[in-house]
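Reader: Please show me the structure. I would like to ask some questions about it.

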Amino acid sequence: MRVLRAQPMSHMPSFDPNDARPKVAGVIGDPIRQSKSPTLFQHWFSKHDVPGHYVPLHVRADNFEQVLSALPKAGFRGVNVTVPHKLKALACADLCSDAATAIGAANTLTFMRDGRIHADNTDGYGFLQNLQSTATGWAPDAGPVAVLGSGGAARAAIYILLQAQVPEIRLSNRTRDKAEVIADHFGRKITVVDWDERSAMLTGCATIVNTTSLGMVGAGPLEISLDDADQAALVTDMVYNPLKTDLLLQAERRGMRVVDGLGMLLHQARPGFGRWFGPDPEVTEDLRRACLLAEQPLGQT
C-alpha cells in the first residue's frame with residue numbers, strides 16, 4: 001500500500017497538451033453496468049470533437065489494486081471510481097487532494113506522466129454545483145442543514161457544506177454509531193440525531209439532503225415526513241432513479257423547492273474530463289436528456 005501525501009488544492013493535476021498518451025479513461029466499479037458515466041463522457045467527446053474513449057471496467061474488490069496498477073501502463077490517463085472501490089482508491093494513491101483526505105475516499109484518479117497516481121474526490125463539488133446551478137438563490141448560510149445517511153456520499157456532502165459555511169448540520173443515520181464517527185471527524189457543527197427523530201429534526205432546516213439509497217429503484221422506501229419542515233426549505237435527493245423520488249414528490253406537494261440527484265453525477269465528472277482531455281465541459285439539458293435515455297437501470301453514481 002502506498003503512503004499518502006496530502007497535496008494542496010492549488011496543485012491539482014491539469015491537462016497537459018504535450019501528453020502523447022492515447023485519450024483513454026474509464027470508470028471502475030462492481031457492478032458497473034448501472035453507470036451513466038460512459039454516456040456523459042461520450043456526449044462531451046462529441047460536443048468538443050475529442051477523439052477519446054471512456055471504458056466501463058467491472059472489477060471485483062480483490063482485483064482492484066492489480067487492475068489499477070496496470071491501467072497507466074496500458075495508456076490510461078485516469079479513471080473514475082465508484083462503489084465499492086472509493087476507499088481502496090484513496091489508499092492506492094501517491095498524492096491526494098484536500099477533499100479526498102477530508103472525505104476519506106476518492107472517486108477521481110489521475111495517472112501522472114511520471115507514474116504517480118493522484119486521488120481526488122469530486123462528489124462534494126458535484127453536489128454543491130448541482131444545488132447552486134439548479135436552485136436559484138439557494139444560500140448555504142440560510143439555516144441548518146439536515147443530512148440523512150452516513151456513507152461516503154454523506155461525508156462528501158458534509159465536507160462541501162462545511163466549506164460553504166453552513167451554520168449547522170443535523171445528521172441522522174439508521175446506525176447511530178456511524179453518524180457519531182462522522183461527527184467526531186468533522187467537528188462541532190455536526191449534531192447527531194436518532195433515526196427515530198429524523199422527521200422531527202427537519203424543523204427549522206433550510207436544506208434537507210438524502211444521501212442514502214432509500215427511495216432508489218430496488219431499495220426500500222425512505223420513510224420520513226416533511227410535515228414539520230419549513231415550506232421554504234430546499235429538498236434534494238442524491239438518488240436519481242427514479243428521478244423524482246417519493247421524498248421529492250412529497251416536498252413538491254407541500255410547495256417546497258426540490259433538486260434531483262442527476263446533476264450531481266454530471267457535475268462531479270467535469271474535473272476529470274478537463275484534466276484528462278482538455279476542454280472544460282458544461283452540464284446542459286441535452287446532456288441530462290442523454291443520460292436519462294441511457295438504458296442503465298440503477299440509481300447512484
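Reader: How far apart are the mean positions of the positive and negative charges of the protein chain?

Author: This is a predicted model: local features need pLDDT of at least 70, side-chain atom pairs count only at pLDDT 80 or more, and totals for chains, interfaces and linings use all residues. Residues are numbered from 1 along each chain as its sequence is written, and side-chain values use heavy atoms, without hydrogens and water. Lys and Arg count as positive, Asp and Glu as negative, with His and the chain ends not counted; each charge is placed at NZ of Lys, CZ of Arg, CG of Asp or CD of Glu. For the 30 positive and 32 negative charges, the mean positions are apart by 5 Å.

Reader: Why do Phe41 and Tyr54 count as a stacked pair?

Author: Rings of Phe, Tyr and Trp (its six-membered ring) pair if their centres lie within 6.5 Å, and planes under 30 degrees apart count as stacked, over 60 as edge-to-face and the rest as tilted. Here the centres are 3.9 Å apart, so with that plane angle the pair is stacked: 10°.

Reader: Is Phe41 buried or exposed?

Author: Buried means under 20% relative accessible area, exposed over 50%, partly exposed in between (1.4 Å probe, protein chains only). Phe41 has 0% relative accessibility, so Phe41 is buried.

Reader: Which residues form one aromatic cluster?

Author: Phe41 also stacks with Trp276, with ring centres 6.2 Å apart and planes at 20°. Trp276 is buried, at 1% relative accessible area. The cluster is Phe41, Trp44, Phe45, Tyr54, Phe273, Trp276 and Phe277.
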